[in-house]
Amino acid sequence: MTGKTSRNRPQPPVHAAEIVREYGPFAGAAQVHGVSHDGFNVWAATGAQLVAFDPASGEPTRTLAHAGDAGTAFDGTYLYQIAEARIDKIDPATGEVLASIPAPGHGYDSGLAWAEGSLWVGQYRDRKIHQIDPATGAVVRTIESNRFVTGVTWVDGELWHGTWEGDESEIRRIDPQSGAVLDRLEMPRGTGVSGLESDGAELFYCGGGASGKVRAVRRPKRVAS
C-alpha cells in the first residue's frame, strides 16, 4: 500500500512550536542526528556514539560507542540505529549489535521510529516514510510527504515527522494513509529538527543537528470530538 502525495492539498494553519527545554551540547558530541526515548532516558545519536541522558536533570547516564548518522528507535527492549546503509539492532545494556538489516534509502535515510511491530524510516530528499519489516528490512508500504523528511515518530496513533529545509523547520502531523498534513508546528528560524521522538505523553524530543542540542517541544493537545 502506498500513500498518495499531499503536495496539492491545502495546508493547515501553522502554529509556533513551544520549546520548553534545551539539552546539551554533550561532551564529545558536535552533532545530534537520531533521537529516541526508552521510557526513562532520551537517547541521542551523535555520530560516533549514542548518548543517553535523564530528561529531568539533563545529565548523561550512558554512552555507547556506536556509529549513528541518522535515526534512532527503541522497541521496548532494543535500540535500532541507522549507520550509513544499514540499521543495527543494539542491546542497550551492553552495546552489542545483535542483528543488522539494510536501510531502504541505501545510505540516504533520515528518521527512524518503532510502532505497530514495524520500523518506520524517513527518506529526506525523497520526501517519504517507509514502513519496513524489522527482521528483513523489506518495505511494507510507503507514505509520501510534501516536505523533506527528517525525524519520524508515532504517538497515540498519530504519525509526526520533522522537516528541515534551509533555515526553516517544522514538526508535522500527517495522515498515515494519504500523507495529508494535519498539524504544523513551526520552529524558530534557524532552529532545525534532525531526529524526532515522542515521550508518549506531552513532549517531543528534537535533535538539533549541528547545534549539538536536543530540544523538548510541547505536543499539542487533541480536542475530543
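The model is predicted, so local features need pLDDT of at least 70 and side-chain atom pairs count only at pLDDT 80 or more, while totals for chains, interfaces and linings use all residues. Residues are numbered from 1 along each chain as its sequence is written, and side-chain values use heavy atoms, with hydrogens and water left out.

**Pockets**

- The largest pocket holds about 290 Å³ of space; a volume is the space filled by probe spheres set on grid points, which are joined across faces, edges and corners.
- A pocket is an open set of points on a 1 Å grid over the protein atoms alone, where a 1.4 Å probe fits, with protein on both sides within 12 Å along at least five of seven lines; lining residues have an atom within 4 Å of a point.
- Of the 23 residues lining the largest pocket, His-33, Asp-69, Ser-110, Thr-150 and Ser-194 lie nearest its centre.
- By class, this lining has nine nonpolar, 12 polar and two charged residues (Ala, Val, Leu, Ile, Met, Phe, Trp, Tyr, Cys and Pro count as nonpolar, Asp, Glu, Lys and Arg as charged, and the others, Gly among them, as polar).
- Strand β11 (residues 109–115) gives the most to the lining of the largest pocket, with four residues; strands are DSSP runs of E, at least two residues, numbered from the N terminus.
- The second largest pocket has a volume of about 170 Å³, and its lining includes His-37, Phe-74, Trp-114, Trp-154, Glu-197 and Asp-199.
- Two or more residues of that lining come from each of β11, β15 (152–155) and β19 (196–198).
- The lining of the second largest pocket divides into four nonpolar, five polar and two charged residues.

**Strand β21 and its partners**

- In β21 (residues 214–218), four of five residues are buried, meaning under 20% relative accessible area with a 1.4 Å probe, protein chains only.
- β21 pairs antiparallel with β2 (residues 19–23) over four bridges; two strands pair if DSSP finds at least two bridges between them.
- Arg-21 has Ala-216 in β21 as its bridge partner.
- Five bridges join β20 (residues 203–207) to β21, again antiparallel, and Leu-203 is bridged to Arg-218.
- β20 and β21 form a hairpin with six residues between them, and Gly-209 in the turn has a positive phi of about 60 degrees.

**Four-stranded sheet**

- An open sheet has the strand order β3-β4-β5-β6, with antiparallel pairing.
- β3 (35–37) and β6 (60–68) each have a single partner strand, so one side of each is left without a neighbour in the sheet.
- β4 (residues 42–45) and β5 (residues 47–53) pair over four bridges, and Ala-44 has Val-51 as its bridge partner in β5.

Conventions: Buried means under 20% relative accessible area, exposed over 50%, partly exposed in between (1.4 Å probe, protein chains only).
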